[in-house]
Amino acid sequence: MRGTLPPLTLLALLLAFALWNGDRITGDTGRWRAQLQRADTLAQAEDWAGAAGALAESHADWTRRQTYLHIVSQHSAVDEAEAMYRRCQAFAAVQELSEFRAEVAGLREQLRLLAEMERLSIRNIL
């Protein structure tokens, strides 16, 4: 019994971290998705300054978590979301509503998938 305690403790710690990480990323991506929804709503109202500001706020929030995301997530998923943020900013700058809305919708979906990849589930284990 004594020899199994350290490995079981390690497994319990890894499980606890996986659960915490999934919850943390789900919370972060939910916040970013809400910020992007706000930017989309402002763009629809043709408040481009407000939309660009909301997008900049979301991107700054996203940027603060970059190091952590690169450690725990797939680099390609994080890099794709970053590229999508940049495209959203470009469409907001030229006030191209249809392209902006499409890119924001794609980015929101990319963030949802990022959270899903980190969630502890049978689908992710198998």
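Me: At what angle do helix α2 and helix α4 pack, and how far apart are their axes?

Reply: Two packed helices are described by the angle between their axes and the distance between the axes. Please note that this is a predicted model, in which local features need pLDDT of at least 70, side-chain atom pairs count only at pLDDT 80 or more, and totals for chains, interfaces and linings use all residues. Residues are numbered from 1 along each chain as its sequence is written, and side-chain values use heavy atoms, leaving out hydrogens and water. Helices are DSSP runs of H or I with at least four residues, numbered from the N terminus. Axes are lines fitted to C-alpha atoms, for helices over the stretch in contact, and angles between N-to-C directions run from 0 to 180 degrees. Here, α2 (residues 48-64) and α4 (residues 75-93) pack at about 160 degrees, with axes 10 Å apart.

Me: Which word describes the direction of α2 and α4 to each other?

Reply: Angles under 35 degrees count as roughly parallel, over 145 as roughly antiparallel, 65 to 115 as roughly perpendicular and the rest as oblique. Therefore α2 and α4 are roughly antiparallel.

Me: Which residues of α2 meet α4?

Reply: Contact means heavy atoms within 4.5 Å. From α2, W48, L55, S58, H59 and W62 take part, and their partners in α4 include V78, Y85 and F91.

Me: How do the axes of α1 and α2 cross?

Reply: The axes of α1 and α2 come within 7 Å and cross at roughly 165 degrees. That makes α1 roughly antiparallel to α2. Among the residues making this contact are W32 and L36 of α1, and A51 and L55 of α2.

Me: What is the angle between α2 and helix α5?

Reply: Helix α5 (residues 97-118) packs with α2 at about 25 degrees, the axes being 14 Å apart. The two helices are therefore roughly parallel. W48, L55 and W62 of α2 touch L97, F100, L111 and L114 of α5.

Me: How many salt bridges are there?

Reply: A salt bridge is a side-chain nitrogen of Lys or Arg within 4 Å of a carboxyl oxygen of Asp or Glu. The count comes to ten. One of them joins the side chains of D28 and R31, at 3.1 Å from N to O. Both residues, D28 and R31, lie in α1, three residues apart, about one turn of the helix.
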